Amino acid sequence: MLADVLGELNKLNMTFQEETVDIKTIGLALEVTISTLSRWFLRKETFAEDTIYLSKFLSDSQNGYIDIKDEETMVERHELRYISISAMDIESSEARKQSMKPCIEGTQESCQKLTEGYIETLIDSLNERFPDLHLFNVAKLFSPCYYPEERRNREKNSERWILKLFQHLQHTISRDAGFVALFDVKSCKRELHPFVDSLNLACEGFSMKEAWKVFRNTEQWHKTYPNMMKLWQAVLTIPASTVDCERGFSKKNIIKDIRKSRLGLDTLDALMRISLNGPEPSNVDWHAVYKVWKDTKSRRILEL
């Protein structure tokens with residue numbers, strides 16, 4: 001069971017480690033992971049169905065034993081034993097002991113119940129770790145690849161998405177005296193449907209970032225949908241994960257090591273920008289770089 005669970009969690013982890021990732025990608029990966037774990041282990045009628053390892057193990061061991069071939073193709077038969085777990089032997093809270101009671105019998109059915117409890121706890125932990133999962137999902141508002149084909153469904157979804165988005169951003173639309181709101185809710189709602197229709201026609205099948213690359217410098221869009229474009233920019237600034245921060249710290253430690261302890265902040269900033277964002281060394285005009293370096297101040301140039 002753990003092999004199947006860890007395989008799915010590793011897929012989620014690899015999504016976080018991608019070079020470029022947005023909040024919609026994270027939201028989709030989380031939804032898929034939770035849905036897969038629920039389908040595999042929380043449906044009694046299809047328990048372990050479609051799993052890679054557990055389904056094979058249950059199939060091979062349905063007669064109470066499992067045959068294993070060694071390197072010399074000799075078959076060894078191993079009888080399965082379900083050892084009961086006494087709740088009184090576990091150093092845990094009373095609630096935890098009560099949750100272990102179904103496993104006291106020491107049967108395959110009780111082990112299945114233990115698995116269900118483990119998966120439920122794991123899913124709860126994922127939801128607690130990512131409380132803004134609903135916010136990740138509303139990024140679909142700016143992702144034409146998630147638009148329904150039917151226009152009425154597209155309008156219903158866009159209305160639902162923008163409502164959830166404003167619920168999250170409610171601190172920026174306060175009407176307190178002296179507070180200047182960043183977003184005009186009424187204007188955004190007025191622009192919503194024409195904006196979504198235009199985005200769907202112009203960028204059908206595009207992701208949020210792909211669509212933004214098309215229209216970020218289009219002056220007509222900023223004039224026609226000023227409020228929705230401002231809202232789009234706000235969503236793009238929401239960090240999807242801490243991967244970029246962690247990668248930045250790692251790069252800083254590589255550039256500024258013990259041998260470069262006197263490296264200035266401006267130089268460090270420039271080196272990190274080049275290291276993280278490019279350009280590639282093959283695309284650099286090194287003659288121009290050398291000329292700038294040479295002309296910055298008087299230097300002793302060694303002839304090679």
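Biologist: Which residues gather in a patch of negative charge on the surface?
Modeller: This is a predicted model, where local features need pLDDT of at least 70, side-chain atom pairs count only at pLDDT 80 or more, and totals for chains, interfaces and linings use all residues. Residues are numbered from 1 along each chain as its sequence is written, and side-chain values use heavy atoms, without hydrogens and water. Patch members have over 30% relative accessible area and no salt bridge, with like charges joined within 9 Å and nonpolar side chains (Val, Leu, Ile, Met, Phe, Trp, Tyr) within 5 Å. The negative patch on the surface consists of D70, E71, E72 and E76.

Biologist: Is E72 buried or exposed?
Modeller: E72 sits in the loop between β1 (65–69) and β2 (75–79); strands are DSSP runs of E, at least two residues, and helices are runs of H or I, at least four, numbered from the N terminus. Buried means under 20% relative accessible area, exposed over 50%, partly exposed in between, with a 1.4 Å probe and protein chains only. E72 has 62% relative accessibility, so E72 counts as exposed.

Biologist: How much accessible area does the nonpolar patch on the surface have?
Modeller: One of its members, L2, is found in helix α1 (residues 2–16). L2 counts as partly exposed because its relative accessibility is 47%. Accessible areas come from the Shrake-Rupley method with a 1.4 Å probe. Together, L2, L6 and Y118 have about 300 Å².

Biologist: How are the rings of F142 and F195 arranged?
Modeller: The structure holds eleven aromatic pairs. Rings of Phe, Tyr and Trp (its six-membered ring) pair if their centres lie within 6.5 Å; planes under 30 degrees apart count as stacked, over 60 as edge-to-face and the rest as tilted. F142 and F195 lie 5.9 Å apart, centre to centre, with 70 degrees between the planes, and the pair is edge-to-face.

Biologist: How many residues apart in sequence are the parts that F195 and W232 tie together?
Modeller: F195 and W232 form an edge-to-face pair, 5.8 Å centre to centre and 85 degrees between the planes. F195 is in helix α8 and W232 in helix α11 (residues 226–236), so the pair ties together parts whose separation in sequence is 37 residues.

Biologist: Is W232 buried or exposed?
Modeller: W232 belongs to a cluster linked by ring pairs, with F142, F195, W212, F215, W221 and Y225. W232 has 0% relative accessibility, so W232 counts as buried.

Terms used. Salt bridge = Lys/Arg side-chain N within 4 Å of Asp/Glu carboxyl O. Lys, Arg positive; Asp, Glu negative; His and termini not counted. Charge placed at Lys NZ, Arg CZ, Asp CG, Glu CD.
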